[in-house]
Amino acid sequence: MLNKRNKNDFSQLKVINISHGDGGLKTGELINNFILKYLKNELLEKLEDSASLYIKNEKIAFTADSFVVEPIFFPGGDIGKLSICGTVNDLVTTGCTPFALSLSLILEEGFPLKELENILISIRKTIKEVNLSNNGIDLRIVTGDTKVVGKGFADKIFINTSGIGLNQSNIEISPSKIKVGDSILINGGIGEHGLAILSQRKEFNFKTNLLSDCAPLNSLVNDICKSSDKIHAMRDATRGGLARVLIEMSQASKTTFEIDKVSIPIKKEIKGLCEFLGMDPFYIANEGKMIIFVESKDEQKVLGAMKRNKYGKDSQLIGKVAKKSQGVVIINTEIGTKRILDLHYSEQLPRIC
Amino acid sequence: MKIKEICSEINIFVRDLNKKSINIMEVCGTHTMEIARNGLKQLLPPEINLISGPGCPVCVTPTIEIDRIIEIINNYDITIFSFGDMIKVPGSTSSLAYEKSKGKDVVICYSPLYALEFAANNPDKNVIFIAIGFETTAPLTSVIVKRANDKKLRNFFIYCTHKIIPPALEALLKDKEIQIDGLLLPGHVSAIIGSTPYKFISNLYNIPGVISGFDPEGILQAVKMILIQLLKKKPKIEIEYKSVVREEGNTIAINQIHEVFEVEDSVWRGLGNIPGSGLKLKPDFSEFDAKLKFPIKKLISTEPKKCECGNVLKGIKKPDECKLFSKLCTPDNPIGPCMVSSEGTCAAYYKFYRLRY
């Protein structure tokens, strides 16, 4: 893959550059050309949000995530809440119930203890919310680590969480289950997390009421799975936005998706800001959005269940799985034309999650 | 639906014109992107050939300018502020993104005000803002230069690569290789300069020009207006984007530009040297000119081999007619700037037309 490259790719093989973290093609290259190159196995190469492990015939989900968001406190959340939501959401996308978490902290010398406390309080509060609808399981942080580095060697706090989930109901949910004719649903408006973060960055200077959509989606997923046994796949949209999820799922399932642009929920303020900043909301990060693939006959039942959930009030049907193919996403525009949705372009927003 | 009506009329006018091909140049890169994003070509009859133009400031910046900026940051201790697209454009042996990954202080900003604020708060650092863009962004650069002057900042500079559109359009119209029947004129540039500077297009070259907005309806309406002018054989400069553009333009912004900048010759990638097409700081503001403050040795650069950016910018070639397109030249590994820029024609093609379904 790397053999025939243009000599203008100055970054090739030499250093990490910031776009390696954008969740788009460059991140994919890093994973494929380095991580998989040296560590490949049949589980890792699936590159799913969480790995399905079989231990004595019991299926468990295992996932890990790191959080470097800047600023660490943002409208609608903070790095602590994010670290729990991110890992919980990765576990529930395979239909598993979050069972246990680890929490590792890298702290910069000089980081105020008061801020650390606020983050830990937020973590505790988020776990408490998860446990309100966790299928009888008491999710807890059961292990972790703390490191301190000198001033300037980390930016206040970096967090890593890993999590284990139990597959209590023996449901199989994965991209390989996606079928032609399936309905594609989303639980609400796109682009909120990314723009909420951006609004706090010094170089932006715009005043908004935007809140990150950062949320634990286990209760939503429970409601969805209770409403139908025809859920084929789910994935949460984070870095790389809705676009990345759709493209990855279409490629993983080798099907063509047809998405109706006009159906995609988006808040007016987000739309206006995107037009003003020249950004495409398809590619902006979310932290509380789940994309669901369900057999079409259960589409309305599932949509109804989603809308009754706190985190699904603006749920919409956004498209269909149209046919088998190499994996492509087609957008039906508002004016009746069609175009391709492509992964190769990504929003350059570092440290968004 | 209004779009349907406009499209039916377009079809009728094209039929009445009875020409095999009607070349309409979308001067502005943002128009190229919006046309591609909305699939507008699917709504137009095949006789209409939309060709790309040089209205993408990053795309028309020659390789040597990137090399010069990199030479400055390698010879002096500088914090450089740039818009995001610029940092990925390849120079001859490096790019600002690569320099950043090597540890050079390269900061992506969305507004030059941030660069100015940084300079004011960090008097021990030399700060250069890469001032790029056409008449749309030049007024803002003028404002920050004046503010720097008022604040008596000694550590803030601009590397000026501003260019102006009308001379480039004239260069295109003089080029016998390019056949243009009509011009879709840039919306934001025209919001500043108005419609008067374009009058030479219809008066001297007999070509219709319509200043267009960016929504699908506006663009299609502008195409229709060009066709009507062709039918009537009465070329003129019209404004479709009436909500934003006035004939006299934005006189305050124009005055800002004249206060701080004077015109100079400028080299455009693909078009070569165009007299009077660039902006440079007036002598009163020369202390903020990074090119004067941070002299470098003379450089020789050439555009990359087989790169067709120049021909794409003139509308002579479509991106997929470049041998490098999507093979060696992709948005993440670009060879030329047309693939990098958010308004670049090659980037638009790569994003929206590359795959067929």
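A compact globule of 357 residues would have a radius of gyration near 21 Å, and chain B, at 21 Å, agrees with that. This is a predicted model. Along its principal axes, the C-alpha trace of chain B spans about 65 × 45 × 40 Å. Buried residues account for 57% of the 357 residues of this chain. A residue counts as buried here if 20 or more other C-beta atoms lie within 10 Å of its own. Contacts in chain B also reach along the sequence. Of those between residues at least 6 apart, 77% join residues at least 24 apart.

Next come the secondary structure elements of chain B. The chain has 15 helices and eleven strands. Four strands form an open sheet in the order β4-β3-β5-β6 of chain B, and their pairing is parallel. Strands β4 (105-108) and β6 (156-160) of chain B stand at the edges. Each has a single partner strand, so one side of each is left without a neighbour in the sheet. Neighbouring strands of this sheet are turned by 25° against each other on average, direction ignored.

Look at the pair β3 and β5 of chain B. Strand β3 (residues 78-82) and strand β5 (residues 126-131) run parallel and are joined by four bridges. One residue pair to locate is B:Ile80 and its bridge partner in β5(B), B:Ile128. Helix α6 (residues 112-121) of chain B packs on this sheet. The helix touches β3, β5 and β6 of chain B, and its direction makes about 170° with that of β5(B).

Chain B is divided into domain 1 (1-301) and domain 2 (309-348). Their centres, taken over C-alpha atoms, are separated by 17 Å. The contact takes 26 residues from domain 1 of chain B and 19 residues from domain 2 of chain B. On the domain 1 side, α2 (29-37), β2 (48-55) and α4 (84-88) of chain B each supply at least two residues. Helix α2(B) gives the most to that side, with five residues. By residue class, the domain 1 side divides into 14 nonpolar, seven polar and five charged.

Now turn to chain A. Its domain assignment gives domain 1 (1-45), domain 2 (48-166) and domain 3 (175-341). The centres of domain 1 and domain 2 of chain A, over C-alpha atoms, are 26 Å apart.

Chain A has an open sheet of seven strands in the order β9-β11-β8-β12-β10-β13-β14, with mixed pairing. The edge strands, β9 (231-236) and β14 of chain A, each pair on one side only. Neighbouring strands of this sheet are turned by 25° against each other on average, direction ignored. Strand β10 (residues 255-260) of chain A runs parallel to β13(A), and five bridges join the two. A:Asp260 has A:Asn332 in β13(A) as its bridge partner. Helix α8 (residues 299-307) of chain A lies across β8 (183-186), β11 (290-294) and β12 (316-324) of chain A. This helix runs at about 5° to β8(A).

Technical notes: Residues are numbered from 1 along each chain as its sequence is written. Chains are lettered from A and ligands numbered from 1 in the order in which they are written. This is a predicted model: local features need pLDDT of at least 70, side-chain atom pairs count only at pLDDT 80 or more; totals for chains, interfaces and linings use all residues. Domain bounds come from an automatic or database domain assignment. Two strands pair if DSSP finds at least two bridges between them. Axes are lines fitted to C-alpha atoms, for helices over the stretch in contact, and angles run from 0 to 180 degrees between N-to-C directions. Two residues are in contact if their C-beta atoms, placed from the backbone, lie within 7 Å. The radius of gyration is taken over C-alpha atoms; the globule rule is 2.2 Å times the number of residues to the power 0.38. A residue is buried if 20 or more other C-beta atoms lie within 10 Å of its own, exposed if 12 or fewer, and partly exposed in between; C-beta atoms are placed from the backbone. Ala, Val, Leu, Ile, Met, Phe, Trp, Tyr, Cys and Pro count as nonpolar, Asp, Glu, Lys and Arg as charged, and the others, Gly among them, as polar.
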